[in-house]
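Morning, everyone. Have the structure up, please.

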Amino acid sequence: MSLSTVDFELLLQANRIISSKLDVEEVLRAVLELATKVVHAEASSLLLLDEKTDELYFDVALGSAGDAVKRMRLKVGEGIAGWVAKEKMPLIVNDVSRDERFAQRVDKSTKFQTRSILAVPMMAKGKLIGVIEALNKEMKQDFSETDREAFEIFASQSAIAIENARLFSDVLREKAKLNTVFAEMSEGVMLLDEAGQVLMINPAGGCYFGIDPAEATEKKFDADLFNGFENPPRPSDLGPLAQRDETVDFVRREGKDFYLTTFVHKLHPNPNSPEGYIVILRDTTEEKRGEMLKRNFLALISHKLKTPLTVILGYAPVLTASPEGMNEFQKKAAKSILNQSEHLSSLVDKLLRFSIVESGRLKKPTEKVPLTPLLEEAVGALQVFMHDKKAVVEIEPSLKEVPALMIDGLLTVEVFKNLIENAVKFNDKEEKSVTLCSSREDSAVTVQVRDNGIGIPSEEQEKIFQKFYQIENSFTGQVPGAGLGLSLCKKVVEDMGGTISVQSEIGKGSCFSVRFPLDK
Ligand code: ADP
């Protein structure tokens, strides 16, 4: 006997009910309830597969025995459900007392008297997800092949509905996680479409602009959003900003100065995300204030220190040059005064240069200058230092071919002095070597300062160009410095239109590359 129109109607109805639900618990309950109706059974059970332990468990159970059943687990292979799970085949047992596969412990705990079972595997995308059983055919009849057919159709509909509900709940869980991160981030985040229309903004971002995140979709990346900021952006700036791959500051000077540092990133089209931009916003007011204070302080102390230092540096050489009448201790003291005042003077000079470069009071270069003499000058200025440290510098012949560049000569010497000095300072090798070489492309020339020193960990390689930044072991004072050299190099090189970068391997050495653009 095959399925009747009534059976089909029943199956269709069952399918409509279970596929209309998206909550896993609700789907499971509906499946359990409908299972009895589909094959006219007295009861049903639904066992899900725990892939990790290879066990079947009752996730939902109806009626008074529910709680006891929910604690039970069957190994795959154990009992009739276990056999069906293992073989992935349906099974009809119309007299369980004669079937040794029947596990009596379930009945014992539920006090339900099972006579007959129709059990079928639930498969989704070719994988077993559980077993569904109909217990005791009504009117003490036997389960038939027609029941099996109907139950198998019902099981496959149920498996799809359960899988869909599970996927949906996974998506909801992931979405909730992302929402929490988005809402709790201390940085502002804004999602924009290609035309600069706000699609989403998190509470921190809304706070910077004084808008409610729920109403942000009425805004655009423009002067209205950046209300009160100097030089507010336009939506058409998004593309160029995303290409610059660096942060841009906006300042609002109403009341207390407020600095908002933004980073624009272009979202590339992909089927799961919209085309547009993501903008990260950070309140950098305190950082900027700190920097300004440091700069002003630096400029002030370096100027104030310069005058007394000039006097000390004037007298100290006179003292060391005429040691007559001095005892050994006095001679040593005079020498030490001279050495230390020279060291102090070079530190103060560095601070002064740094504060001048930082203040942006530099003139644009007006003529092209050959590079090699500048490198020779930098090496020459460090000769005594290099000799003391037993370091050798090699200027490769490739540098002679570098054309004259539109650069500031004095500052370029300063950049390479810093790089060469670092190459020797941060070097624990017996034979310290520094190599200067160059390479040429169509539109740029790159000069490299390579050393065989201690190397720089990859996570530090960006940070060392920040002001006052020193890597921990150099910061402990083993190596003199203020963490300003590379920051000065970066500022100077970028002001001249170039870039500076580093490649390094711990224990093997570092290579700093300064890239100057060539004027066409
Ligand atoms: P300073 O030399 O005054 O410490 P810099 O700004 O020149 O400051 O350098 C910052 C930090 O970068 C240094 O303290 C050091 O830890 C690291 N560094 C710079 N150059 C090198 C190098 N050639 N090899 C290894 N570490 C380096």
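Start with helix α1, residues 5-19, in this predicted model.

Now, which residues of α1 are buried? They are Asp7, Leu11, Ala14 and Ile18. Look down the axis of α1: the buried residues fall within an arc of 65°, so they line one face of the helix. Recall the general rule. An α-helix has 3.6 residues a turn, so residues three or four places apart point the same way.

Turn to the other side. The face of α1 directed away from the buried side carries Thr5, Val6 and Arg16, which are exposed. And what covers the buried residues of α1? The cover includes α2, residues 24-38, and α6, residues 145-184.

Next, the helix pair. Helix α9 runs over residues 285-321, and helix α10 over residues 328-359. They pack with their axes 8 Å apart. The angle between them is about 150°. That makes α9 roughly antiparallel to α10, because angles over 145 degrees count as such. The crossing of α9 past α10 is left-handed.

Now the single residues. First up, asparagine 136. Find this residue in strand β6, which covers residues 127-137. Is asparagine 136 buried or exposed? Its relative accessibility is 1%, so asparagine 136 counts as buried; the cut-off for buried is under 20%. What is asparagine 136 in contact with, once neighbours within four places in sequence are left aside? The list is Ala41, Glu42, Phe112, Gln113, Thr114, Arg115, Ser116 and Phe143. One distance for reference: leucine 118 and asparagine 136 are 18 residues apart in sequence, and their C-alpha atoms are 8.4 Å apart in space.

Then serine 439. This residue is in strand β13, residues 432-440. Its relative accessible area is 38%, so serine 439 is partly exposed. The band for that runs between under 20% for buried and over 50% for exposed. Not counting residues up to four places away in sequence, serine 439 touches Ala444, Val445 and Thr446. Again, one distance. Isoleucine 500 is 61 residues from serine 439 in sequence and 14 Å away in space, C-alpha to C-alpha.

To recap the two residues: asparagine 136 is buried, whereas serine 439 is partly exposed. Over to you for comments.

Notes:
Residues numbered from 1 in each chain as written. Predicted model: local features only at pLDDT ≥ 70, side-chain atom pairs only at ≥ 80, totals over all residues. Heavy atoms only, no water. Helix = DSSP H or I, 4+ residues; strand = E, 2+ residues; numbered from the N terminus. Expected span 1.5 Å × (residues − 1). Buried < 20%, exposed > 50% of the residue type's maximum accessible area, 1.4 Å probe, protein only. Arc of directions from axis to C-beta. Contact = heavy atoms within 4.5 Å. Axes fitted to C-alpha atoms, helices over the stretch in contact; angles between N-to-C directions. Parallel < 35°, antiparallel > 145°, perpendicular 65-115°, else oblique. Left-handed = near helix turned anticlockwise from the far one by under 90°.
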